[in-house]
Structure formats: structure tokens, C-alpha cells
Amino acid sequence: MKNFVSVHDVNNIDALVQRALAHKASPLANKTLGANKRIGCLFLNPSMRTRLSTQIAAQNLGMEAIVFNVGSEGWALEFEEEAIMSGTSVEHVKDAAPVFGKYFDILAIRTFPSLKNREDDYSELYIKQFIKYAGIPVLSLESATLHPLQSLTDIITITESMQEQALNRKPKIVLSWAPHVKPLPQCVANSFSQWVNAWGQADFVITHPEDYELSEEFNQGASITHNQEEALKDADFVYVKNWSTYTDYGKIYESDPKWMLTNKKLEATNNAKVMHCLPVRRNVELSDEILDGPNSIVTREAGNRVWAAQAVLEQLLTTNG
Ligand code: CP
């Protein structure tokens, strides 16, 4: 594994999941692998889970983790090639990234999309420029269109839950759109779809209101319906997430609370486990009764972020020596 920015960087999802579960069972078993190595965690945007779980994972492997809040504490970066830097950006990524490459052995970056220009966001310029100029492995902590560490965590959590339930058949997994008060990126939904499709071990259904289709690059392989009630029938896992519109980019077309998951709706499922990447807007995206009820596995899911990050860091360290 040279970099980790999408599912395409993974040869064998199941093997990576098993490594993550091995780390969960024995967090410090490989505590010297990262000795004398340093990871730089660059945040252009806020984070709680990604920031903390990546640091803990690095420490479990004996690595030093340094967090740099570029967005609020660093120089404003320019990413466009041949930019005339007479505006607000102070330093070009072409100059900054090689410096990070001197300080760190792995560079981890979180960026978000602007949600203003789809072509720009979907070009993934920021993460690509870091890969181009840093000269060291790059780990995505969420990019403009994808959140691979979250999605690996989600497959780990589903695998773990299936083992506990002794569920020995293909699970039905439903990605269910939920309302929100502000336009959110499509990253988590894109990435979850990409990983579930690549994993290939589930009946996968995406349900959302009209005009909320995800990019075909990511939703191919799933059944898509605007009928949430129909989608939820016999589901084993319901992954709840809001995203803004893709076609007429970054808009809110729908805010009807009827899309929020409730215990009543869960009755149609196979006693489904409910997932969400967090943070969640209570009683907007997900009801208290679900989040505080027995079907919610959101805290376990967030806890598993450590083991996903540890499995990926282990592979990056092993491959890139
Ligand atoms: N799920 C997730 O990425 O959480 P944070 O934004 O808190 O890192």
C-alpha cells in the first residue's frame, strides 16, 4: 500500500479487516513497528474522531504523531498550478508539501469540499497535490469526495457485528439518507458505497429522496429507491447519513422529517443495527430513541476508528519501510 486515499489502495479488504480486529484484540502487539517514525496529521477542517483515533493508532504502533491544524494555525495554502499568488494564500503546496516530507514518514490530511464547484471538488486537487509533492505516503483523513478510514471502520463494524450475531449469510445493508439543517458533503455516502460494493458481500440498497442521486462512480452496484419503507424491509444494517445534492451541486432540496429513522420504521427490518459516522444532529438526522436504543452501534463504530487506522498505518509502514 503506497498511499491510502480510497478503496482502490487496498488489495484485500477482508485481510485488512482481520488485521484491524487483531489490533482490537491486542492493541500493543506490534508496538515497535513504528519506532523512530513520525506521522504528521494535517487538518484543514475540524475533527474529533479522526484526529484522536489516528493519534492513538500511531502511538499503539510506536509512532510519534504530530497534529497541525493547517486550516486555523498554518499559512493559507495555494493548490492551483501556476497560480499568481496575489490573493489570500501565502504558501504553495509545491513548497509546503516537500517540507512535510522532510519532517514526517507518513502524511495524513483532512480536507473538505467547497460544495460550490463540483468539478473542482471531484478533481480531488488537494489530496493529489500532497501526493505529488510530499514524496512520502499520504493517508486520507477525509478528502473532498471520500472518507476511506470511516468506510473501512464501517466494514469492520459490520463484520464484527455479523460474527456476534452468527449471521452466516449475505447481510442486507441499507444506506438511508436523513435530513440535515445545512448542506453536507457526499464523502461518507460515496465512500461507504464504494467500499460496500468493492467488498461484494452484501445486498446493498441506497434510499434517498428524488434528486439526491450520488455520483454513478460510487452508487453502481447498489439498488436505488426513493421508497425508504420498501428499502428498510428485512435490512440487517441501516447506515444513516445526510448528504447534499450531487447533480445541482451542494444544495438542500429536501428537509422533510419523515426521512428520519424511528423505532416504528425499524420494525420492518431484521432487527437492524443502526450506524452513523458521527457527529450526528439528534432528532434531525437520527431520533433519540434510536441513538439511545439497543439497535444503535454508533459508539462501537466510532471506537473501531482506532483499529481501522492502526491496520492502515501498519500496512503503510510495512510496505514503505
Ligand atoms: N466520523 C468522523 O470523521 O468524525 P470526525 O469528523 O469527528 O473526525
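An oxygen atom of the ligand sits 2.7 Å from a polar backbone atom of Met48, which counts as a polar contact (a pair of N or O atoms within 3.5 Å). This is a predicted model, in which local features need pLDDT of at least 70 and side-chain atom pairs count only at pLDDT 80 or more, while totals for chains, interfaces and linings use all residues. Residues are numbered from 1 along each chain as its sequence is written, and side-chain values use heavy atoms, leaving out hydrogens and water.

Side chains join in too. A nitrogen atom of the ligand is 3.0 Å from an N or O atom in the side chain of Gln150, and a polar side-chain atom of Arg305 lies 3.3 Å from a ligand oxygen atom. On its own the ligand has 260 Å² of accessible area, and the protein covers 92% of it (Shrake-Rupley method, 1.4 Å probe).

The shell around the ligand (residues with a heavy atom within 4 Å) includes Ser47, Arg49, His147 and Cys277. Sorted by class, this shell has three nonpolar, four polar and three charged residues; Ala, Val, Leu, Ile, Met, Phe, Trp, Tyr, Cys and Pro count as nonpolar, Asp, Glu, Lys and Arg as charged, and the others, Gly among them, as polar.

So where does the ligand lie? Domain 1 (7-146 + 304-320) and domain 2 (150-302) both supply shell residues, so the ligand lies between them. The domain bounds come from an automatic or database assignment. The two domain centres, taken over C-alpha atoms, are 25 Å apart.

Conventions
Polar contact = N/O pair within 3.5 Å; in protein donor to acceptor, adjacent residues only side chain to side chain.
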